[in-house]
Amino acid sequence: MKIKKVKLYKTVYAPEELPQTPYKEVAFVGRSNVGKSSLLNTLVNNYKIAKVSSEPGKTRSVNFYLINDKFFMVDLPGYGFAKVPFKEQKRWRDLIEKYLKERDTLKGVFLLVDSKVGPTEKDKQMKDWLDFFGIPYVVVATKVDKLKSSEKQKLKRKVEEGLKDKNLEIIPFSSKTREGRVEVLKRIERLLEA
Ligand code: GDP
């Protein structure tokens with residue numbers, strides 16, 4: 001897939017603002033600082049759609065990017081940033097829950113985990129949510145350029161153990177080396193076809 005056109009279609013702060021659209025979509029989710037903005041920018045060849053965060057946990061919105069006038073890449077707000085007040089966390093949960101539950105156009109989710117840190121408890125909760133709602137998902141292990149080759153060999157097992165699941169589809173990714181970019185784009189295409 002070639003990305004020829006990227007447009008920020010809508011920014012949503014509350015469940016009732018979620019747009020009804022004719023387009024299919026795939027979404028990206030992960031804890032704050034996992035490298036989600038960098039991944040999105042790498043996917044679209046640095047159209048600079050998503051702001052790489054200097055302040056983790058800052059973006060609380062759901063951003064709909066219309067790609068090639070054909071489908072959405074949906075940037076879900078990052079989770080797990082300790083300093084976010086409880087009320088904010090609840091708002092995040094309500095928005096994401098409503099999004100995952102009711103979005104008929106959602107064809108799949110990319111769950112980002114930091115390959116150096118490994119899956120966190122919050123990542124496991126997110127995964128359980130996706131299972132619960134029956135949404136197809138692919139795990140993207142970010143920042144693999146940080147791994148030594150011995151660590152890279154153990155990556156799959158580390159992710160499987162952290163998420164307590166041996167049947168995961170995992171794509172190693174780095175926005176630094178662009179490893180995994182083509183795989184993610186191909187996976188998006190397949191999810192949208194299904
Ligand atoms: P977000 O909060 O999930 O959107 O994460 P960002 O994309 O803003 O990245 C968080 C931090 O991780 C920034 O300092 C990035 O430069 C760094 N980062 C993101 N992706 C990579 C990667 O693939 N490799 C390395 N080494 N650092 C990365």
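The model is predicted: local features need pLDDT of at least 70, side-chain atom pairs count only at pLDDT 80 or more, and totals for chains, interfaces and linings use all residues. Residues are numbered from 1 along each chain as its sequence is written, and side-chain values use heavy atoms, with hydrogens and water left out.

Start with the ligand. Around the ligand stand 15 residues, and N33, S37, S38, D145 and S175 come nearest. A residue is near a molecule if one of its heavy atoms lies within 4 Å of it. By class, this shell has 2 nonpolar, 8 polar and 5 charged residues. Here Ala, Val, Leu, Ile, Met, Phe, Trp, Tyr, Cys and Pro count as nonpolar; Asp, Glu, Lys and Arg count as charged; the others, Gly among them, count as polar.

Now look at the ligand's oxygen atoms. One oxygen atom is 2.8 Å from a polar backbone atom of K36. An oxygen atom of the ligand is also 2.8 Å from a polar backbone atom of S175. For V34, the distance from a polar backbone atom to a ligand oxygen is 3.2 Å. Taken alone, the ligand exposes 580 Å², and the protein buries 79% of that. Such accessible areas come from the Shrake-Rupley method with a 1.4 Å probe; for residues, only the protein chains shown count as cover.

N33 sits in the loop between β2 and α1 (36-43). Helices (H or I, at least four residues) and strands (E, at least two) are DSSP runs, numbered from the N terminus. N33 is partly exposed, with a relative accessible area of 45%. On this scale, buried means under 20% relative accessible area, exposed over 50%, and partly exposed in between (1.4 Å probe, protein chains only). Most residues other than glycine have a negative phi. N33 is not a glycine, yet its phi is positive, about 80 degrees. K143 also has a positive phi, about 60 degrees, without being a glycine. K143 lies in the loop between β6 (137-142) and α4 (149-153).

Next, the empty space. Rolling a probe the size of a water molecule over the atoms shows where empty space is left. On a 1 Å grid over the protein atoms alone, a cavity is a set of points where a 1.4 Å probe fits but cannot get out, and a pocket is an open set with protein on both sides within 12 Å along at least five of seven lines; lining residues have an atom within 4 Å of a point. Grid points are joined across faces, edges and corners, and a volume is the space filled by probe spheres set on the points.

The second largest pocket has a volume of about 300 Å³. Its lining has 14 residues, with Y79, W92, R93, K122 and Q125 nearest its centre. Two elements give two or more residues to this lining: α2 (86-102) and α3 (121-133). The largest share, 4 residues, comes from α3.

The structure holds 1 cavity of 30 Å³ or more. The largest cavity contains about 40 Å³ of space. Its lining is Y13, R60, P77, E88, R91, W92 and L95.

Finish with E25, in strand β2 (residues 24-30). E25 is buried, at 0% relative accessible area. Its side chain makes a polar contact (a pair of N or O atoms within 3.5 Å; within protein, one must be able to donate a hydrogen and the other to accept it, and residues adjacent in sequence count only if both atoms are side-chain atoms) with the side chain of R103, at 2.8 Å.
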